[in-house]
Amino acid sequence: MSVPAAGPTPADPAADAGQRRILVVDDDPTVLEIVCRYLRAAGFVVDEAPDGLSALSLAEEKRPDLVVLDRMLPLLDGIEVCRRVRSTWAIPVIMLTALNQEDDRIDGLEAGADDYLAKPFSPRELVLRVQAVLRRTGQAAAQAAAHSAGQGANEASGQPSAPLVVGDFTLDTAAHELRLRGTPLVLTVREFDLLSYLIRHPHTVLGRDDLLRSVWGWEFGDLSTVTVHVRRLREKIEADPAHPLLLQTVWGVGYRFDPVPLGSVGTRGAADAARADGTTR
């Protein structure tokens with residue numbers, strides 16, 4: 001499955017590449033060559049792998065900053081590679097797929113991919129997606145470093161940091177951390193950004209297109225991307241994801257985040273109480 005004619009290679013490296021390392025995994029030599037050429041022209045260090053097992057080996061050896069991963073691979077398919085990468089390292093993944101079915105794209109997102117592109121795609125668009133994801137992860141790392149460096153100074157001067165507390169959730173932007181009743185949540189980059197946005201807009205109905213624009217920065221795109229990430233968030237924050245109380249669907253409109261007030265009964269207790277009086281939605 002080939003990428004369309006790419007045209008001339010970009011002349012100017014991207015200013016924000018900063019010698020970040022990208023692992024590109026695809027068994028199509030044409031796709032591999034074009035994608036790697038564009039990424040190198042944008043200033044990235046690029047490693048290549050033609051199959052799933054080689055990808056895992058290179059990820060272990062090189063520890064890339066991001067993986068561009070084909071869905072269909074020999075030896076070990078892209079979904080399984082994505083699962084193993086995300087379960088082992090905090091490395092963002094952009095998945096490429098030649099399968100134009102929604103279920104296949106959803107499989108990639110549920111495996112932990114941060115973004116995806118359907119083949120055929122524009123190499124320039126892929127470079128922009130890579131840069132966007134890395135900017136987000138870079139900002140998070142910088143915020144965490146600043147938080148660590150400044151924490152001692154804050155304590156010494158009597159100026160504690162001020163994370164945002166909404167219900168049972170604590171959003172510490174400086175540390176790039178979200179906690180639920182004091183326990184840090186393990187989230188992908190997109191999950192963190194989505195939940196952070198919801199926490200800042202509690203009790204507000206937000207359409208999928210609004211979330212796609214505000215969280216992903218896309219003016220248009222596959223709305224199932226939002227659906228999948230909402231489902232994954234529910235699995236991490238709801239006592240009963242099949243009967244959500246915190247992140248609710250407003251049918252025909254979008255989603256609403258209703259945080260449980262601090263000091264109230266636990267989430268599971270609230271879920272049980274709601275089901276008992278028939279108010280679960």
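This is a predicted model: local features need pLDDT of at least 70, side-chain atom pairs count only at pLDDT 80 or more; totals for chains, interfaces and linings use all residues.
## Overall composition

The protein chain contains nine helices and 12 strands. Of its 281 residues, 49% count as buried. Among the contacts in the protein chain with a separation of 6 or more, 63% are accounted for by residues 24 or more positions apart.

## Backbone geometry

Most residues other than glycine have a negative phi, and most peptide bonds are trans.

The peptide bond that runs from Lys119 to Pro120 is cis, and its omega is near -5°. Pro120 is found in the loop that joins β5 (115–118) and α5 (123–157).

Leu75 is not a glycine, although its phi is positive, at about 70°. Leu75 is found in the loop between β3 (66–70) and α3 (78–88). Its relative accessibility is 65%, and because this value is over 50%, Leu75 counts as exposed. Arg181, a residue other than glycine, likewise has a positive phi, near 50°. The loop between β8 (177–180) and β9 (183–184) holds Arg181. With a relative accessibility of 47%, Arg181 counts as partly exposed, because partly exposed residues are those between the 20% limit for buried and the 50% limit for exposed.

## Packing of helices α2 and α3

Two packed helices are described by the angle between their axes and the distance between the axes. For helix α2 (residues 52–62) and α3, the angle is about 15° and the axes are 10 Å apart. Angles under 35 degrees count as roughly parallel, and therefore α2 is roughly parallel to α3. The crossing of α2 and α3 is right-handed.

On the side of α2, the contact is made by Gly52, Ala55 and Leu56, and on the side of α3 by Val81, Arg84 and Val85. The residues of the contact of α2 with α3 comprise four that are nonpolar, one that is polar and one that is charged.

## Cysteines

A disulfide is a covalent bond between the sulfur atoms of two cysteines. How many disulfides does the model contain? With a limit of 2.5 Å between the sulfur atoms of a pair of cysteines, the count comes to zero disulfides.

Two cysteines may be described individually. Cys36 has a relative accessible area of 1%, and it is buried because this value is under 20%. Cys82 also counts as buried, with a relative accessibility of 0%.

## An exposed and a buried residue

Val186 is placed in the loop between β9 and α6 (189–200). Is Val186 buried or exposed? Its relative accessibility is 71%, so Val186 counts as exposed. Apart from its neighbours within four places in sequence, Val186 is in contact with Glu191 and Lys236. Val186 and Lys236 are 50 residues apart along the chain, and their C-alpha atoms are separated by 8.2 Å.

His229 lies in helix α8 (residues 224–237). At a relative accessibility of 0%, His229 counts as buried. Which residues are in contact with His229, leaving aside its neighbours within four places in sequence? These are Leu109, Ala113, Arg190, Glu191, Leu194 and Trp216.

Definitions and conventions:
Residues are numbered from 1 along each chain as its sequence is written. Side-chain values use heavy atoms; hydrogens and water are left out. Helices (H or I, at least four residues) and strands (E, at least two) are DSSP runs, numbered from the N terminus. Buried means under 20% relative accessible area, exposed over 50%, partly exposed in between (1.4 Å probe, protein chains only). Axes are lines fitted to C-alpha atoms, for helices over the stretch in contact, and angles run from 0 to 180 degrees between N-to-C directions. Angles under 35 degrees count as roughly parallel, over 145 as roughly antiparallel, 65 to 115 as roughly perpendicular and the rest as oblique. A crossing is left-handed if the near helix is turned anticlockwise from the far one by less than a right angle, and right-handed if clockwise. Contact means heavy atoms within 4.5 Å. Ala, Val, Leu, Ile, Met, Phe, Trp, Tyr, Cys and Pro count as nonpolar, Asp, Glu, Lys and Arg as charged, and the others, Gly among them, as polar.
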